[in-house]
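Subject: Structure handover

Hi,

Here is the structure I promised you.

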Amino acid sequence: MPTAESADLMATATTLSKEELLQDYRLGWESRHASLAGRKEVFMGKAKFGIFGDGKELPQLAMARAFQPGDWRSGYYRDQTFMVAAGELTWQQYFAQLYAHPDAEAEPATAGRAMNGHFATRILDEDGSFKNLAQSKNSSADISPTAGQMPRLVGLAYASKLYRQNPELHQFDQFSVNGNEVAFGTIGNASTSEGMFFEALNAAGVLQIPMLMSVWDDHYGISVPAEYQTTKQSISAILAGLQRDGEGEQGFEIFVVKGWDYAALIDTYQRAAELCRTQHVPVLIHVTEVTQPQGHSTSGSHERYKSKDRLSWEEEHDCLRKMRGWLLAEGHASEDELAQIENEARETVKVARTAAWGEFFSPIKQERDEVVVLLNKLVAETGSENSLHELVEHLEHNPTPIRADLVRTTRRALRQVRSQRSAARRELQNWLEQALAENADRYNSYLFSQSEEAIGNIEEVKPVFATDAPQVDGREVLQACFDANFQRDPRIFAIGEDVGRIGDVNQAFAGLQDKFGELRVTDTGIRECTIVGQGIGAALRGLRPITEIQYLDYLLYAIQILSDDVACLQYRTKGGQKAPLIVRTRGHRLEGIWHSGSPIQMILGAIRGMHLCVPRDMTQAAGFYNTLLRSDEPAIVIECLNGYRLKERIPSNVGEFTLPLGMPEVLREGSDVTVVTYGSMCRIVLDAAKQLAEVGISVEVLDVQTLLPFDLEHVITDSIRKTNRVIFADEDVPGGATAYMLQQVLDNQDAYRYLDSAPRCLAAQAHRPPYGSDGDYFSKPSAEDVFDTVYTLMQETDPQQFPAIY
């Protein structure tokens, strides 16, 4: 294993000039003072929480010197020094994030939506289109879940491989220059215990991609020391088997370097990045003997769990102290020069902190003064001085109000004068309406794209069927759809288990690897989390991935990263980043506990920010893929497991027709009862509707088609207005997606006013279905279950016409 271990005295060899050395020393101390000041701001009540990068300054300075335009970072919340050194963060922006400034100009990473230390660069223009990312230094948006940056990191590096090896992609030079870009990852030593870390490293080794992974090892994970975290207390030692045997062989290069050895760090990162960039070899740099001077976060003190000896060792091995000694020993600077730099660094941070607070608080104070004037007018006009005066006084004399205080006070004031009418009351109401709208933009916007490529802007194109359109297996419709889209857009690729050589287990990609090559249609190992992560990172870099989860039941392996990363990406960057990932999977009826999945409630609760398409057949699925591949929004498409061999007519425009999302389709018109369903249940409900017609009950059957978005034009309410009765049916657990659909229709569409009978939900049993056809029948709704539920509803209305069956 190559190492960059240092002796007690630091190495002296470095190619950097005195100015560059002192600039790094300056940045290191600025970062340290920012950490120290940030902790104080939290304790003073000006910020809610703080987590800082003190102790990691030198390795991050070295990493920044190896980071080039076009490169990407996928890191974690202690990388402040790197971000400033790379020129992608200012100290004023750093404090703006600490204060949760909700303005993307002041806080470009998250617009105040993520706590401090969650860094990102804005990779989109104001109109939502990608900037020239090959010429900028890029940071994907951080997330808090430990090791959650790892799946995306695989995709960021994998994109470089595709851009280098696929000639069709060379035209997209705004995203890559011949795949020369390195994806830099960072993580704390304790978080390497997460499964995502190991899965990502294995994937990178298999793929041989330019991924440079840094582990900041300070020996602890909050209070838990390394002996409880890592075998042998060394991540590099236990990963030694990844070390490649020589140039051209598969595997990693692994380096070990001390976090206080500045010269060795510079040398290690330069060598590692060059190797990564030129040979596309993944690299692991284990940065040892790192310290954490203020402990984990503002939630507690590390004196509670570190021994006196450990604390003394950390003080002695503080990286800035070590660099100071090295600069003096090597004659790069004098005591006076270094003291001046340290003082200037403190002052620089103080100025940035003061400016950030002023920029954050001044608008709030101005808004407070405006509303106090309006409230005082209300007091004067209504004669309610005693009851309102206390509210106004409290707000007026609050030294650090937040916007919630302003709105809360206004709402309570209006509550007190609800029976009165006055000009001041109307003026205050207008202020409140405007404030709520402004705060909706600050805190609730950009769950989805607002660009021209947003789902709602994709023009609908109807499928066209020739008079002699052949009846084919449903899988052939999908195959033709994918074929057409792959020809249309070279950025599209598909990855997943068994997707490549055999064309997926249901043959929708059959023959496409032979036609488009292994880079476009690619097999992966069994690793659902990083399959999705591979897609997220590639989508961030301008590609259009389709990532396959073979069965819906195994989406659980990936649901965390979908929820915490891609689903909230647009939101947590306030439109600064996007990753139009398509997750293709299949579920509903087949056989057994782990191959009949319909965990829709789980998905609906986890992926707000993605779309959820639930097509009943493969033609409908193809229409959704055509729409999504023209949009810039992420989605999950759940195909019906039992639909691949069913016959469908293939459209003549199979790669061009598009389906709008959020538009239910009426499959059968009726007048007595509306049944709302989706997916495989459509065929069962239609079968039941046919049987019900034989006993004089007319059922209107609606397929919602997508659950996110849901019935944007209130088609379901239009049906209920006609039938006055509704049943929601699906294969999820009781209280799952049926309850979701019920809530959407009753709360959001006010359909309750048209009901003559209580709405009903028909779901599967609370357990998963056992194996076999009988297990399916007795676990999930059957046509007979639908028949009986509808019939009972009609019996309550007219027991004479519809006497009890049982």
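Seven strands make up an open sheet, ordered E11-E10-E12-E13-E15-E14-E20, and their pairing is mixed. The edges are taken by strand E11 (521-523) and strand E20 (706-708); each has a single partner strand, so one side of each is left without a neighbour in the sheet. From one strand to the next, the twist averages 20 degrees.

Some ground rules. This is a predicted model, in which local features need pLDDT of at least 70, side-chain atom pairs count only at pLDDT 80 or more, and totals for chains, interfaces and linings use all residues. Residues are numbered from 1 along each chain as its sequence is written, and side-chain values use heavy atoms, with hydrogens and water left out.

Terms, briefly. Strands (E, at least two residues) and helices (H or I, at least four) are DSSP runs, numbered from the N terminus. Two strands count as paired if DSSP finds at least two bridges between them. Angles run from 0 to 180 degrees between N-to-C directions, with axes as lines fitted to C-alpha atoms, for helices over the stretch in contact.

Now to strand E12 (residues 544-548). Strand E10 (residues 492-496) runs parallel to E12, joined by five bridges. Ile492 sits opposite Arg544 of E12. E12 also pairs with strand E13 (residues 582-587), again in the parallel sense, over three bridges. There, Thr547 has Val583 of E13 as its bridge partner.

His611 has Ala635 of E15 as its bridge partner.

There is also an open sheet of six strands, in the order E2-E1-E3-E4-E8-E7, with parallel pairing. Its edge strands are E2 (138-139) and E7 (253-258), each pairing on one side only. Within it, six bridges link strand E3 (residues 183-188) and strand E4 (residues 211-216), which run parallel. Ala183 stands opposite Met211 of E4.

Best wishes
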